Amino acid sequence: MDFQGHVLGERATTLPGRFYTSPEVFAREQERIFSRRWVCVGRASEIPRAGDYFCPRVAGESLIVVRGKDGRARAFYNVCRHRGTRVCTEERGHAPGGGALTCPYHGWTYGLDGALLGAPLMSEVAWFDKADHSLHPAACEEWEGFLFARLEPNAATGLAEALLPLAGRFASWRLPELVSARRIEYDVRTNWKLIFQNFSECYHCPPVHPALAKISHWRSGANDLREGGLLGGYMLINEGTESLTTSGRRCAAPITEMPAEELRRVYYYSLFPSLFLTVQPDFVMATRIEPLAADRTKIVAEFLFAPEAVSRPGFDASDGVELWDLTNRQDWRMCELALQGISSRVYRPGLYSADESLLAAFDQEYLASLGEAS
């Protein structure tokens, strides 16, 4: 999405193939990027009550994200302090009685703040102190209704600081209030970086997305954010079209009152290394990624609408969901084909076009995070 005078400042090429195919590079990414960065793990609305929890994975680690009695969401490693057993075995659930998490192996019990409450027979061990055996914490903070976790609990950069360039940018869309109308999971046989790079350009849109290209011109709009790992901008919705849906009509009224120019825009932002936001007048598609291997990525797309729209009789999100599910599947297929080609012995880095400057910016952030010279 590089238009209105935004061009590459210098010659730039795609990354060498090993960055997409090497298991050793993937392991370094897990340690140097996903273990150290803020990673989006879900929505705050997934745990509305004290005792509600879900168990996302970050850099291969299972976490427990749980709502405390004080209303705060916290994250802990899903590892019992006794012999390392998984404390929570289900993907999501509710603490019995709303107040404790119990390891299924030997019954060690933890409060919603991670403190060890009970450990059978350990009172017979003279040197045992429950205060020394709380669940290992991870950092957990909320931004615009999304929950982010970081494996380093005492990281110097807080979430608000990391996302400072986005402060207030989505205020009109009431992101914390939006509710999920549909959730789709994809298992894609490609490298996670190809997913990020695909999201940041529409050079591929005419041949890959004919339905989308009919309602939003691939060279309309402008990029307005290139700060660190935060990239994106907007594209225009064609005249005579209300939203990016199969019919071109909105699934619901606009999320909020907005000026006429906003009614013709769809915003695309990527938040390195785990979240994409597609923000249009009537709904938001939030797309989270979880790298599973150098050649495999889990993707979760969630369609968020205003609560009053979802509660209205006859509400139907399928018009928007169907277009984006089609578009996503087209993208994922191209990303799989890209990895297949990059895996060839004849692959060499190729030149980026003028419409791919965000990809060059992504590469710079990625290489710096990995500790590689750009």
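## Basis of the model

Because the model is predicted, local features need pLDDT of at least 70 and side-chain atom pairs count only at pLDDT 80 or more, while totals for chains, interfaces and linings use all residues. Residues are numbered from 1 along each chain as its sequence is written, and side-chain values use heavy atoms, with hydrogens and water left out.

## Cavities

The count comes to 2 cavities of 30 Å³ or more, where a cavity is a set of points, on a 1 Å grid over the protein atoms alone, at which a 1.4 Å probe fits but cannot get out. Grid points are joined across faces, edges and corners, and a volume is the space filled by probe spheres set on the points.

## The largest cavity

The largest cavity, with a volume of about 220 Å³, is lined by 21 residues, a lining residue being one with an atom within 4 Å of a point. N198, F199, Y268, W324 and D331 lie nearest its centre.

At least two lining residues come from each of α4 (192–199), β16 (275–279), β17 (284–293) and α8 (318–342), and α8 gives the most, with 5 residues; helices (H or I, at least four residues) and strands (E, at least two) are DSSP runs, numbered from the N terminus. The lining divides into 12 nonpolar, 7 polar and 2 charged residues.

## The second largest cavity

The second largest cavity has a volume of about 40 Å³, and G42, R43, F146, A286, R288, E302 and L304 line it. Here β1 (39–43), β17 and β18 (296–305) each supply at least two residues of the lining, which by class has 3 nonpolar, 1 polar and 3 charged residues. In these classes Ala, Val, Leu, Ile, Met, Phe, Trp, Tyr, Cys and Pro count as nonpolar, Asp, Glu, Lys and Arg as charged, and the others, Gly among them, as polar.

Note on methods:
On a 1 Å grid over the protein atoms alone, a cavity is a set of points where a 1.4 Å probe fits but cannot get out, and a pocket is an open set with protein on both sides within 12 Å along at least five of seven lines; lining residues have an atom within 4 Å of a point.
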